[in-house]
Amino acid sequence: MNLSHCHWLNEPASWQRQDNALSVVTDNKTDFWRDTWYGFQRHSGHVFGCYVDDLLITEGFTFQLCIEGRFEQLYDQAGVMLLVDEQHWLKAGIEYSDGKATIGSVLTSPYSDWAMGIFSGNAEKFWLRLTYQEGAIRLQYSTDGKQWPLLRLSPFTINQHNGQRVFVGAMCCSPEREGLQVKFSEFKLMPALNKPLHDLS
C-alpha cells in the first residue's frame, strides 16, 4: 500500500508521513459515533487511507497495519476504519475506557454499536487486520504481529451496483481532549487472505 496515494478524511493539524509510516497528533474532541445511547452524531475523527478498487471489493480484500500510541484519557482511540458513508462504517482498535486500554469495535448501520473487551497485551504497540469477503467483515488483532485471534465477525453489505465505494485506512480520535500521539506503520492492502476462521497465523 503506497501511502503517497492515500489521503485524509478530516485531516488533523499535526501529522507527518515518512516512507511507510504515519505519525499523527489528534485534534480536539474528535470522534465517530451515531446516536446510540448518547443521542448525538460525530463524524470528526481522523482517517488516513484510500478507496479500494472495485475488483478487490468483488473478490475480497485484507487491510492490516501496526499501531503505536499512548492511550491515557477517556475514549482515546486508534486503529482501523472501513467507511462506505456516514451511516455505514466500522472502526476497531484500542480505546481507553474504565481506566484501562480496551480492544473493541464499533459497527454503524445506521446506528452505532460498541463491543469491547480487556486488552491483555502491550496497548502501546499492536496490530489489526480487517478482511472483507462475501458480505462479511472479519476483524483480527495481534500483540506480536504473528498470532491473530478473532476480534469480530459481522455481516456488512457493500452495494457496488449502486456505485458504493469503500474507504479503508488508519483511524484515530480523542473525544475528550486533543493531543493523542499515534504512529501507524506496516500498511498492507491486498487480496483477502482466504484463511479458515480460526487460523491464527
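**View 1. Polar contacts of the Gln77 side chain.** The side chains of Gln77 and Lys91 form a polar contact at 2.7 Å, a term for N or O atom pairs within 3.5 Å, one able to donate a hydrogen and the other to accept it, with residues adjacent in sequence counted only if both atoms are side-chain atoms. The Gln77 side chain also reaches the backbone oxygen of Tyr75, at 3.1 Å. The model is predicted: local features need pLDDT of at least 70 and side-chain atom pairs pLDDT 80 or more, whereas totals for chains, interfaces and linings use all residues. Numbering runs from 1 along each chain as its sequence is written, and side-chain values use heavy atoms, without hydrogens and water.

View 2. Gln77 belongs to strand S8 (residues 77-85), strands being DSSP E runs of at least two residues, numbered from the N terminus. Gln77 counts as buried because its relative accessibility is 2%, below the 20% limit (1.4 Å probe, protein chains only). Beyond four places in sequence, the residues that Gln77 touches (heavy atoms within 4.5 Å) include Asp31, Phe71, Ile94, Met171 and Leu180.

**View 3. The largest pocket.** This pocket has a volume of about 250 Å³, the space filled by probe spheres set on grid points joined across faces, edges and corners. A pocket is an open set of points on a 1 Å grid over the protein atoms alone, where a 1.4 Å probe fits, with protein on both sides within 12 Å along at least five of seven lines; lining residues have an atom within 4 Å of a point. Of its 16 lining residues, Asp31, Phe40, Tyr75, Pro175 and Glu176 lie nearest the centre.

Definitions and conventions. Helix = DSSP H or I, 4+ residues; strand = E, 2+ residues; numbered from the N terminus. Buried < 20%, exposed > 50% of the residue type's maximum accessible area, 1.4 Å probe, protein only.
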